[in-house]
Amino acid sequence: MFQVLIHETHKFNGASEILDILASIISGYAIPLRDEHIRFFNNIIIPLHKVQTNPMFFEQLLRCTMLYLTKDRSLSVPLLEALLKYWPFAATEKEMLFLTELKEVLEVVDPKEMKHLVPKLFKRIIKCIGGENMHVCDRAMCFFENEYFLNIVKTYQDEVFPILVPKINELADNHWQKLL
């Protein structure tokens, strides 16, 4: 059913219920994860993020995702890559959900493993901060209150500061929402 949801119909009313059941199954997985469990994560769980109706089952998908990451932290890098790849551009609600998940994943990922994602990640966060929607801007600014995120900023400050500082300086003078 998930393959059909991902590749064909983009709508399946029982997705949240199946993900609930799946979450209880995932919590029982032994460590280390078996190859078929990792394949399921890569081929089903990750692509479910790109489905248009994702907000209908986001909470359950996030729970399954985080259960997988507690079993195997190395899965956080492919998940981050997918979140950045499938990032919604015209759907504010879905963008807010992606920011929520991104914040959760950044608390699990090993900063040393995500070096290749740092420029893309910070460019995305800056686009959210400078965006048109106040709620998205606010949610993106909240990243700077998160100690895990700040640890990533410190770890990669040579790559991050040239991306962040000019844009934040520009936004301080020209952003449409002066409260930011």
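Contact here means heavy atoms within 4.5 Å. The views below are taken from a predicted model.

**View 1**
Once neighbours within four places in sequence are set aside, Ser76 is in contact with Leu69, Val105 and Val109.

**View 2. Packing of helix H2 against helix H4.**
Helix H2 comprises residues 15–26, and helix H4 comprises residues 58–71. Their axes are 8 Å apart and meet at an angle of about 20 degrees. Angles under 35 degrees count as roughly parallel, and H2 is therefore roughly parallel to H4. The crossing of H2 past H4 is left-handed. On the H2 side, the contact is formed by Ser16, Leu19, Asp20, Leu22, Ala23 and Ile26. On the H4 side, Gln60, Leu61, Arg63, Cys64, Leu67, Tyr68 and Lys71 take part. Sorted by class, the contact of H2 with H4 has eight nonpolar, two polar and three charged residues.

**View 3. The cis peptide bond between Ile31 and Pro32.**
Pro32 is located in the loop between H2 and helix H3 (35–45). The peptide bond leading from Ile31 to Pro32 is cis, and its omega is near 0 degrees.

**View 4. Crossing of helices H6 and H7.**
Helix H6 (residues 92–106) and helix H7 (residues 118–129) have axes that come within 12 Å of each other. The axes cross at roughly 140 degrees, and H6 and H7 are therefore oblique to each other. The crossing of these two helices, H6 and H7, is left-handed. H6 contributes Glu95, Leu99, Leu102 and Leu106 to the contact, while H7 contributes Leu121, Ile125 and Cys128. By class, the contact of H6 with H7 has six nonpolar residues, no polar residues and one charged residue.

**View 5. Val136 and Met141 in helix H8.**
Helix H8 covers residues 134–141, and Val136 is found within H8. With a relative accessible area of 4%, Val136 is buried. Neighbours within four places in sequence aside, Val136 is in contact with Thr92, Glu95, Met96, Leu99 and Cys128. Among these partners, Glu95 and Leu99 of H6 and Cys128 of H7 also take part in the contact between H6 and H7. The C-alpha atoms of Val136 and Phe40 are separated by 31 Å, and the two residues lie 96 residues apart along the chain. Met141 also belongs to H8. Its relative accessibility is 29%, so Met141 counts as partly exposed. Met141 and Cys128 are 13 residues apart in sequence, with a C-alpha to C-alpha separation of 8.6 Å.

**View 6. Aromatic cluster containing Phe122, Phe143, Phe144 and Phe149.**
A pair of aromatic rings is described by the distance of the centres and the angle of the planes. The structure holds six aromatic pairs. In the pair of Phe122 and Phe149, the ring centres are 5.3 Å apart and the planes lie at 35 degrees, so the pair is tilted. This pair links distant parts of the chain, since Phe122 is in helix H7 and Phe149 is in helix H9 (residues 147–155), 27 residues apart. Phe122 and Phe149 are both buried. Phe149 also forms an aromatic pair with Phe144, with a centre-to-centre distance of 5.1 Å and 85 degrees between the planes. The arrangement of Phe144 and Phe149 is edge-to-face. The relative accessible area of Phe144 is 25%, which makes Phe144 partly exposed, whereas Phe149, at 1% relative accessibility, is buried. Ring pairs join Phe122, Phe143, Phe144 and Phe149 into a cluster.

**View 7. Helix H9 against helix H10.**
The axes of H9 and helix H10 (residues 157–174) come within 6 Å and cross at roughly 105 degrees. Angles from 65 to 115 degrees count as roughly perpendicular, and H9 is therefore roughly perpendicular to H10. In H9, Val153, Lys154 and Thr155 meet Gln157, Val160 and Phe161 of H10. By class, the contact of H9 with H10 has three nonpolar residues, two polar residues and one charged residue.

Definitions and conventions
Residues numbered from 1 in each chain as written. Predicted model: local features only at pLDDT ≥ 70, side-chain atom pairs only at ≥ 80, totals over all residues. Heavy atoms only, no water. Axes fitted to C-alpha atoms, helices over the stretch in contact; angles between N-to-C directions. Helix = DSSP H or I, 4+ residues; strand = E, 2+ residues; numbered from the N terminus. Parallel < 35°, antiparallel > 145°, perpendicular 65-115°, else oblique. Left-handed = near helix turned anticlockwise from the far one by under 90°. Nonpolar A, V, L, I, M, F, W, Y, C, P; charged D, E, K, R; others polar. Phe/Tyr/Trp six-rings, centres within 6.5 Å; stacked < 30°, edge-to-face > 60°. Buried < 20%, exposed > 50% of the residue type's maximum accessible area, 1.4 Å probe, protein only.
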